[in-house]
Amino acid sequence: MVRTLPKSEQPPHALYRAAQVREFDRIAIEEYGMAGGLLMQRAGSAAFALLREHWPRARRITLVCGVGNNGGDGYVVARLALEAGLEVRLLQLGDPERLHGDALAMYQAFLSAGARVEPFERLPEVSDLIVDAVLGTGLERPVTGIWGQALAAVNRQRAPVLAIDIPSGLHADTGQELGVAVRAAATISFIGLKQGMYTGAGPDCCGYIHFDALGVPARVYAREILSARRLDWAKLADQLQPRRRSAHKGEFGHVLVLGGAPGMAGAARLAGEAAARSGAGLVSLATHPQHAPVIAAARPELMCHGVAGPAELEPLLSRAS
């Protein structure tokens, strides 16, 4: 189940594929002059602010960083936590020699603050909070080896997890767990929300979802058609007006449910019940003749019809709305 936030903190309803968000990032940097390092610094700062807001008593922070831009965001969080006087352990997955560009600059800034980077071997026995900055939205293959072991170890810890941009191991477009994915208490995502955060295993992995556009101009988003949109329940609820006491069931549609092979009446009955509960005025159920009397006895509000062939189905189809 998707965890919800207060209305004032709700993330946007527009969802995008990972490639679209990367395009927004490119446009912001190349066409609007927003330096990549500036965006990374803003991402890390937003994540650290969320960390302090949601876990104000956390003193022992463990960060697990990869070698891409996601790891660069993690290095910013680590440096800010160090400057705030917190006890910081930073565990590096992958060879730091592979760091480059903005991520390398953030790594060097962390070292310049007098900090130490440890190669990942095991997680500390005690942490107040774990920050997942291992893998980002470009992941396309299952996580294996030391990387998979590290993500599994994160999931075994009792400490809550804050995921940076997206939980490591989660496919940004489909919501599939690629081998193993981090199960976070909260995720802060940047520039654009990824559709995989709301589909498949996404809600279970992301926890509470927060969003920060990092100051990317609104005009940038007009360059791509969103891939999906989250339902805005607050707006939809306003359209569900109370029904008149004198209203007739014929005013609210006629649903026809077809189903139920011999000995398999359950799904058809459940679908009929769901249609009635969701507001359909009339619900007809076309099913195998042996099921019709049994379902009708248990659910008299459903109009059950035993159907043995196409000729008996035709009049039911013509009446359904």
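Two strands pair if DSSP finds at least two bridges between them. Strands here, like helices, are DSSP runs numbered from the N terminus (strands E, at least two residues; helices H or I, at least four). On that basis, S1 and S10 are joined by two bridges and run antiparallel. Strands of a sheet pair through backbone hydrogen bonds, either parallel or antiparallel.

This is a predicted model, so local features need pLDDT of at least 70 and side-chain atom pairs count only at pLDDT 80 or more, while totals for chains, interfaces and linings use all residues. Residues are numbered from 1 along each chain as its sequence is written, and side-chain values use heavy atoms, with hydrogens and water left out. The pLDDT (the predictor's confidence in each residue, from 0 to 100) averages 93 over the chain, and 97% of the residues score at least 70. Residues 4-8 are another matter: their pLDDT is below 50, and the stretch has eight contacts in the model beyond near neighbours in sequence (contact means heavy atoms within 4.5 Å). Where pLDDT is low, the predicted coordinates should not be read in detail.

Turning to the rings, the structure holds five aromatic pairs. Rings of Phe, Tyr and Trp (its six-membered ring) pair if their centres lie within 6.5 Å; planes under 30 degrees apart count as stacked, over 60 as edge-to-face and the rest as tilted. Tyr-16 and Tyr-221 make a tilted pair, 6.4 Å centre to centre with 40° between the planes. This pair links distant parts of the chain, 205 residues apart: Tyr-16 belongs to strand S1 (residues 14-16), and Tyr-221 to the loop between strand S9 (208-212) and strand S10 (228-229). Both tyrosines, Tyr-16 and Tyr-221, are buried (under 20% relative accessible area; exposed is over 50%, partly exposed in between, with a 1.4 Å probe and protein chains only). Together with Phe-24, Tyr-16 and Tyr-221 form one aromatic cluster.

Tyr-75 and Tyr-107 pair edge-to-face, at 5.2 Å centre to centre and 90° between the planes. Here the link is between helix H3 (residues 69-83), which holds Tyr-75, and helix H4 (residues 101-112), which holds Tyr-107, 32 residues apart. Tyr-75 counts as buried because its relative accessible area is 0%; Tyr-107 is buried too, at 15%.
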